[in-house]
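Hi,

Here is the model I promised to pass on. Have a look at it first, and my notes follow below.

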Amino acid sequence: MNSIFSPVHTTQTRPFSERLIPRLKKAQSVVVLTGAGVSAESGISTFRDPDGLWADFKPEDLATPEAFRRNPKRVWEWYAWRREKIKTVRPNPGHFALAELEMFFPKFTLITQNVDGLHLLAGSKNVLELHGNIHRNKCFTCQNIYPEEVESKEIPPRCNCGGWLRPDLVWFGEMLPAGVLEKSYDLARDCEIFFSVGTSALVHPAASLPICAKERSAFLVEINPNQTEISHLADQVILGKSGEILPQLVSSLVPS
Ligand code: NAD
Ligand code: ZN
């Protein structure tokens, strides 16, 4: 039976069942999938919460190849605004706890849907970025990769081939970076414990990773203040903010 814990309001109470911690202490292979919720406590809006980014903007106006073709300047400038916002934020205790968690297991991979680079900044090493990274650009025509800062009088800047530069992100309707998804599926199929943290589990194919892990008998744990599409599948649903729950999880692994 799934167990759903009440939201945690203090750091005194540890919200983990006796089933999770002993299992985690013995685990050899752990995979964590993160979504926009992990960066919410750093001040970056999620996409689908009521105050999220898509509350003010329509995805099809900004985050599709068609939108970029239609109005490259508008899309570039929206991302320039997001980049400026992201530059002002720092990783939160949830990001740092995940970087620490990595050190407890022989095999640990953090698969993220986030494009903000905060996991790397917090010190996570084995990170797969499913949806790219906002701190890089690539050519819309030849796919050449460029750094975030590109000197140019034109907006958007142009590649040497003449194509426009765009952020190196996966937009709606685009394929995920070659190899990254296959590797993520392999890891999901192979792990003992799979954490789904701060994701609405609505965006596929990322959302199919926890399902795939569960089908292959991984112990599935969800950390989110709200229930999601996959809550009914999880062995443990921990209702709470990742910035509060994850540091407690790490403390539970440290011998007292
Ligand atoms: P989403 O917006 O669909 O869902 C966010 C989830 O986070 C929700 O389930 C919400 O309940 C949960 N949440 C909110 N606050 C939380 C907290 N403090 N702790 C834990 N969970 C919390 O986001 P998604 O599932 O990642 O999918 C949307 C897509 O949005 C992804 O493709 C991602 O690339 C992109 N995105 C990325 C960023 C970023 O890089 N920071 C920001 C917005 C969107
Ligand atoms: Zn090019």
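How far does a polar side-chain atom of Asp116 lie from a nitrogen atom of ligand 1? The distance is 2.7 Å, well within what I call a polar contact (a pair of N or O atoms within 3.5 Å; within protein, one must be able to donate a hydrogen and the other to accept it, and residues adjacent in sequence count only if both atoms are side-chain atoms).

Before you go on, some housekeeping. This is a predicted model, where local features need pLDDT of at least 70 and side-chain atom pairs count only at pLDDT 80 or more, while totals for chains, interfaces and linings use all residues. Residues are numbered from 1 along each chain as its sequence is written, chains are lettered from A and ligands numbered from 1 in the order in which they are written, and side-chain values use heavy atoms, with hydrogens and water left out.

Back to ligand 1. An oxygen atom of the ligand has a polar side-chain atom of Thr199 at 2.7 Å, and a backbone N or O atom of Ala36 also lies 2.7 Å from an oxygen atom of ligand 1. On its own, ligand 1 has 860 Å² of accessible area, and the protein covers 94% of that (Shrake-Rupley method, 1.4 Å probe; for residues, only the protein chains shown count as cover). The shell holds 27 residues, and Gln113, Asp116, His131, Ser200 and Asn224 are the closest; to be in it, a residue needs a heavy atom within 4 Å of the ligand. By type, the shell has 14 polar, 7 nonpolar and 6 charged residues (Ala, Val, Leu, Ile, Met, Phe, Trp, Tyr, Cys and Pro count as nonpolar, Asp, Glu, Lys and Arg as charged, and the others, Gly among them, as polar). Helix α2, residues 37–40, gives the most to this shell, with 3 residues. Helices (H or I, at least four residues) and strands (E, at least two) are DSSP runs, numbered from the N terminus.

Next, the zinc ion, ligand 2. Its protein donors are the SG atoms of Cys139, Cys142, Cys159 and Cys161, lying 2.3 Å from it. Donors here are N, O and S atoms within 2.8 Å of the metal (3.2 Å for Na, K and Ca); water is not among the atoms, so sites may look incomplete. The spacing of the donor residues in sequence is C-x2-C-x16-C-x1-C. The arrangement is tetrahedral because the 4 donor atoms subtend angles of 104 to 121 degrees, and the rule for four donors is that all angles lie between 85 and 135 degrees. Cys159 is buried, at 6% relative accessibility, and Cys161 is partly exposed, at 45% (buried is under 20%, exposed over 50%, partly exposed in between; 1.4 Å probe, protein chains only).

Some backbone points to check too. Most residues other than glycine have a negative phi, and most peptide bonds are trans. The bond from Ile155 to Pro156 is cis, with omega near -15 degrees, and Pro156 sits in the loop between β6 (145–147) and β7 (165–169). Another cis peptide bond joins His204 and Pro205, with omega about 10 degrees. Gln143 has a positive phi, near 70 degrees, and is partly exposed at 44%. Ser217 has a phi near 75 degrees and is exposed, at 65% relative accessibility.

Cheers

Notes
Four donors count as tetrahedral if all angles lie between 85 and 135 degrees; four count as square planar and six as octahedral if opposite donors are over 155 degrees apart and all others between 65 and 115; anything else is irregular.
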